[in-house]
Amino acid sequence: MTELNTLTIAEARDRLRSGDVTSVELTEACLDAAEAGKTLNAVVHATPDLAIEQAKAADARLQGGADAPSMCGIPLGIKDLFCTKGVPSQAASGILNGFKPEYESTVSQKLLDAGSVMIGKLNMDEFAMGSSNETSVYGNVVNPWRREGDDTALTPGGSSGGSASAVAADFCLAATGTDTGGSIRQPAAFVGITGLKPTYGRCSRWGIVAFASSLDQAGPMAKSVRDCAIMLEAMAGHDPKDSTSADLPVPDFEALLTGDIKGKTVGIPKEYRMEGMPDEIEALWAEGRAMLEDAGAKILDISLPHTKYALPAYYVIAPAEASSNLARYDGVRFGHRAKLAQGDGITEMYEKTRAEGFGDEVKRRVMIGTYVLSAGFYDAYYNRARRVRALIKKDFDDAFAAGVDAILTPATPSSAFELGKTFDDPVQMYLNDVFTVTVNMAGLPGISVPAGLSSEGLPLGLQLIGKPFEEETLFQTGVVIEQAAGKFTPEKWWYCLLY
């Protein structure tokens with residue numbers, strides 16, 4: 001019999017509605033798996049009592065039958081960046097140690113309103129700044145995958161590494177993530193799951209700890225394209241508390257999931273063929289192209305000429321916004337406050353609190369951001385980066401105006417790498433976002449779908465980029481790749497570490 005925690009959302013929903021299983025049984029299976037897999041360090045604030053309480057409420061709702069949405073009774077993990085009422089919400093940072101919000105983020109509240117169950121808060125890079133989940137105050141998250149014949153610990157990617165690891169290891173059926181420059185799509189590719197970064201404004205940012213406000217977007221991380229479609233419908237919608245939230249109707253994404261892409265045009269941008277790209281990434285991209293052609297899509301070679309400027313422009317804009325957003329953490333209102341010596345004043349409190357509370361990567365980005373916003377450098381760096389951003393968006397607009405429905409690219413420049421391998425080289429680490437940052441800069445939707453395995457037996461993903469607020473096209477196209485590529489699951493090696 002299939003272990004309950006390995007079910008997809010769609011499978012679990014059908015079994016819950018038929019009465020074959022209960023939400024309490026599903027939730028207990030997930031909680032047990034998370035307890036057994038502690039060595040992965042994916043769940044940092046477990047909430048078993050709350051989860052069982054929510055599961056019992058979901059079962060009562062399901063038995064009533066009148067109001068049981070697709071997400072009712074589904075156990076989820078929530079990234080530590082989302083504020084959850086009465087539950088620690090630290091953004092994996094020491095400066096928010098002990099912070100328990102008195103309110104719920106809009107996205108997590110929507111999921112709770114739909115009857116979802118929260119099994120706990122999930123690890124991440126501090127303030128979502130990282131590509132390997134090695135900047136967390138809780139310690140590194142470990143990828144549930146291993147290279148063939150090699151026990152070296154691998155990164156699950158970042159910043160949503162805890163969400164990626166938890167879903168791939170079946171600690172929950174799905175999880176929330178956030179994506180500022182690829183932080184849903186890159187970790188999803190590294191662990192062999194599906195991750196969607198929706199159009200900017202599709203999901204509310206209210207109650208999500210801010211990194212870079214014009215780039216941040218919440219999205220689903222799940223075991224299939226269909227699951228992401230189901231979960232996005234529950235997460236999305238206009239929120240008057242968020243001025244950037246789009247006042248648009250939310251489609252029934254699952255109902256639109258026919259998998260028929262005949263007549264669709266898929267663009268292949270030549271600029272994504274980066275110098276030094278591994279042969280297996282190039283081969284995977286070619287396989288993806290063939291999969292879509294076989295399904296009836298028209299393939300069109302396109303140009304996105306400003307792609308090469310995206311990464312440097314991103315690493316000006318994102319730190320600039322971060323330096324402004326993180327100025328609020330000063331020891332005055334909430335979170336950590338440094339112990340002061342006699343005679344210390346407010347300035348010393350600020351300095352000591354921020355020095356003690358922030359990790360090295362956060363300090364690095366705050367310093368970069370403050371520099372590019374300073375007098376004399378604002379026009380040279382920040383304003384120039386904003387102009388580049390507009391050109392990047394125009395490239396996509398021109399491609400879509402020419403008839404392209406979606407764009408196919410690699411999701412990452414490699415498979416998952418060893419923990420610690422590139423951590424001491426920030427620039428090398430930043431290059432992990434080379435295929436993903438353009439999507440955030442242009443405010444577009446993007447999805448990473450598992451598409452193959454590397455020569456070492458590790459998952460590899462392909463990325464699809466779509467038109468604004470047309471996530472359904474990505475789901476349609478992503479299903480084709482998913483069905484052609486098959487399913488990829490890691491061996492549960494971590495269970496043996498318990499004995």
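Ground rules before the structure. Residues are numbered from 1 along each chain as its sequence is written, and side-chain values use heavy atoms, with hydrogens and water left out. Because the model is predicted, local features need pLDDT of at least 70 and side-chain atom pairs count only at pLDDT 80 or more, while totals for chains, interfaces and linings use all residues.

Overall picture. The protein has 15 helices and 11 strands. Both are DSSP runs numbered from the N terminus: helices are H or I with at least four residues, strands are E with at least two. The C-alpha trace spans about 70 × 55 × 50 Å along its principal axes.

Now burial. Of the 499 residues, 61% are buried. Buried means under 20% relative accessible area, exposed means over 50%, and partly exposed is in between, with a 1.4 Å probe and protein chains only. The accessible surface is about 18800 Å², and carbon and sulfur atoms hold 51% of that. Those areas come from the Shrake-Rupley method with a 1.4 Å probe; for residues, only the protein chains shown count as cover.

Contacts next. A contact is heavy atoms within 4.5 Å. Take contacts between residues at least 6 apart in sequence: 77% of them join residues at least 24 apart.

Charges. There are 46 positive and 65 negative side chains, and the centres of the two sets lie 5 Å apart. Lys and Arg count as positive, Asp and Glu as negative; His and the chain ends are not counted. Each charge is placed at NZ of Lys, CZ of Arg, CG of Asp or CD of Glu.

Let's go to strand β5, residues 194–197. T194 and L196 point one way, G195 and K197 the other, and all are buried. What does β5 pair with? Strand β6, residues 217–222, runs antiparallel to it with two bridges. Strand β10, residues 446–453, is also antiparallel to β5, with three bridges. Pairing requires that DSSP finds at least two bridges between the strands. T194 stands opposite A222 in β6, and K197 stands opposite G446 in β10.

Two loop residues now. F469 sits between β11 (459–466) and α15 (471–485). Its relative accessibility is 25%, so F469 counts as partly exposed. Beyond its neighbours within four places in sequence, F469 contacts T199, Y200, G201, R202, A246 and L248.

K262 sits in the loop between α7 (225–235) and β7 (265–269). Buried or exposed? K262 is exposed, at 67% relative accessibility. Leaving out residues up to four places away in sequence, K262 touches A295 and G296.

Last, backbone geometry. Most residues other than glycine have a negative phi, and most peptide bonds are trans. Here are the exceptions I picked. G158 and S159 are joined by a cis peptide bond, omega about 5 degrees. S159 is in the loop between β3 (117–122) and α5 (161–168). N41, not a glycine, has a positive phi of about 60 degrees; N41 lies in the loop between α2 (23–36) and β1 (43–46). A92 has a positive phi near 55 degrees. A92 is buried, at 0% relative accessible area.
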